[in-house]
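The sequence and structure come first, and the notes follow.

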Amino acid sequence: FMLGPRLIAACRMSHAVQSYFLLTTDDVDQARDIAKHLEEKNKDRKVMVEQVVQIIEKQLKEKDSISKILVFGDPSWSAGGLGLVANKIKDKYGKSVFIWGGNGGSGEYKGSSRSNGEVNLVKLMETAGGDKLFTNFGGHFMAAGFAMTEDKSTELGARLNEAYKKLGKEKGDKRFEEWKLLQKERAPKGKDSHNFGKPSPQGSG
């Protein structure tokens with residue numbers, strides 16, 4: 001719990017090779033410098049996550065109603081760590097969440113999504129438009145990552161919510177229902193039904 005978040009911070013806020021060098025170097029001074037850098041990046045990640053969560057919560061309070069699928073994004077948000085943001089919003093509001101951010105001015109936005117257990121995220125994205133909406137997407141039932149061009153960001157929320165209406169609450173997908181049941185059985189007593197296990201696919205933040 002001490003080392004893990006700092007190693008992961010390199011992937012989300014810097015470069016994963018720094019974690020590799022920290023674990024393999026024999027140079028004490030180099031290890032100290034890398035550790036200091038990763039600690040700073042981990043702090044930056046925490047600050048970024050809390051700032052984005054606060055912005056989203058403010059926007060939610062200003063809404064007259066909340067949609068089934070929550071979608072938020074901003075080009076200024078770093079794509080690294082948005083999975084943590086999605087988790088926090090999902091847990092607090094009990095909704096499936098999609099969060100996207102900029103990708104270094106590449107012309108492509110990247111994001112993360114988390115399900116509240118009512119919908120298979122991959123199937124939702126396929127129904128919303130699949131490759132016609134996203135440049136890339138994938139993951140698992142409960143956690144997924146996606147990428148899209150800038151022009152698609154304005155229609156993402158409407159497309160996902162329309163897809164949700166078509167799908168309804170996930171029923172009839174035996175594999176999905178079995179997976180949800182297994183995660184619910186594994187959850188500590190006292191946890192609500194939204195807190196299933198949270199697999200994190202590559203690229204989901």
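Helices (H or I, at least four residues) and strands (E, at least two) are DSSP runs, numbered from the N terminus. Phenylalanine 72 is found in strand β1 by this assignment. The model is predicted: local features need pLDDT of at least 70, side-chain atom pairs count only at pLDDT 80 or more, and totals for chains, interfaces and linings use all residues. Residues are numbered from 1 along each chain as its sequence is written, and side-chain values use heavy atoms, with hydrogens and water left out.

**Overall fold**

- The protein has seven helices and five strands, and their order along the sequence is α-α-α-β-α-β-β-α-β-β-α-α.
- Of the 205 residues in the protein, 40% are buried (buried means under 20% relative accessible area, exposed over 50%, partly exposed in between, with a 1.4 Å probe and protein chains only).
- Contact means heavy atoms within 4.5 Å. Among the contacts in the protein with a separation of 6 or more, 63% join residues 24 or more positions apart.

**Phenylalanine 72**

- Phenylalanine 72 is buried, with a relative accessible area of 5%.
- Phenylalanine 72 and serine 153 are separated by 81 residues in sequence and by 9.4 Å in space, C-alpha to C-alpha.

**Aromatic pairs**

- Rings of Phe, Tyr and Trp (its six-membered ring) pair if their centres lie within 6.5 Å; planes under 30 degrees apart count as stacked, over 60 as edge-to-face and the rest as tilted.
- The count by this rule is four aromatic pairs. Phenylalanine 98 and phenylalanine 146 form a tilted pair, at 5.5 Å centre to centre and 50° between the planes. This pair links distant parts of the chain, with phenylalanine 98 in strand β2 (residues 96-102) and phenylalanine 146 in strand β5 (residues 143-149), 48 residues apart.
- Phenylalanine 98 counts as buried because its relative accessibility is 0%; phenylalanine 146 counts as buried because its value is 4%.
- Phenylalanine 134 and phenylalanine 146 form an edge-to-face pair, 5.8 Å centre to centre with 70° between the planes. Phenylalanine 134 lies in the loop between α5 (121-128) and β4 (136-139) and phenylalanine 146 in strand β5, so this pair ties together parts 12 residues apart in sequence.
- Both phenylalanine 134 and phenylalanine 146 are buried.
- One aromatic cluster is formed by Phe98, Phe134, Phe137 and Phe146.
- Phenylalanine 146 also lies 7.7 Å from threonine 135, C-alpha to C-alpha, at 11 residues apart in sequence.

**Helix α5**

- The buried residues in α5 include Leu121, Val122, Leu124, Met125 and Ala128. They cover an arc of only 160° around the axis, which puts them on the same side of α5; the arc is that of the directions from the helix axis to the C-beta atoms.
- The buried residues of α5 pack against β1, β2, β3 (108-114), β4, β5 and α6.

**Helix α6**

- Helix α6 (residues 156-167) has 12 residues and reaches 16 Å from its first C-alpha to its last, close to the 16 Å expected at 1.5 Å a residue. The expected span is 1.5 Å times one less than the number of residues.
- Leu156, Gly157, Leu160, Asn161, Ala163 and Tyr164 are buried in α6. Seen down the axis of α6, the buried residues fall within an arc of 155°, so they line one face of the helix.
- Cover for the buried residues of α6 includes β1 (69-78), β2, α5 and β5.
- Exposed residues Ala158, Lys165 and Lys166 are carried on the face of α6 turned away from its buried side.
- Glycine 168 follows α6 and has a positive phi, near 70°.

**Confidence**

- pLDDT is the predictor's confidence in each residue, from 0 to 100. The mean pLDDT of the protein is 79, and 69% of its residues reach 70 or more.
- Over residues 191-205 pLDDT stays under 50, and the model has 47 contacts beyond four places in sequence for them.
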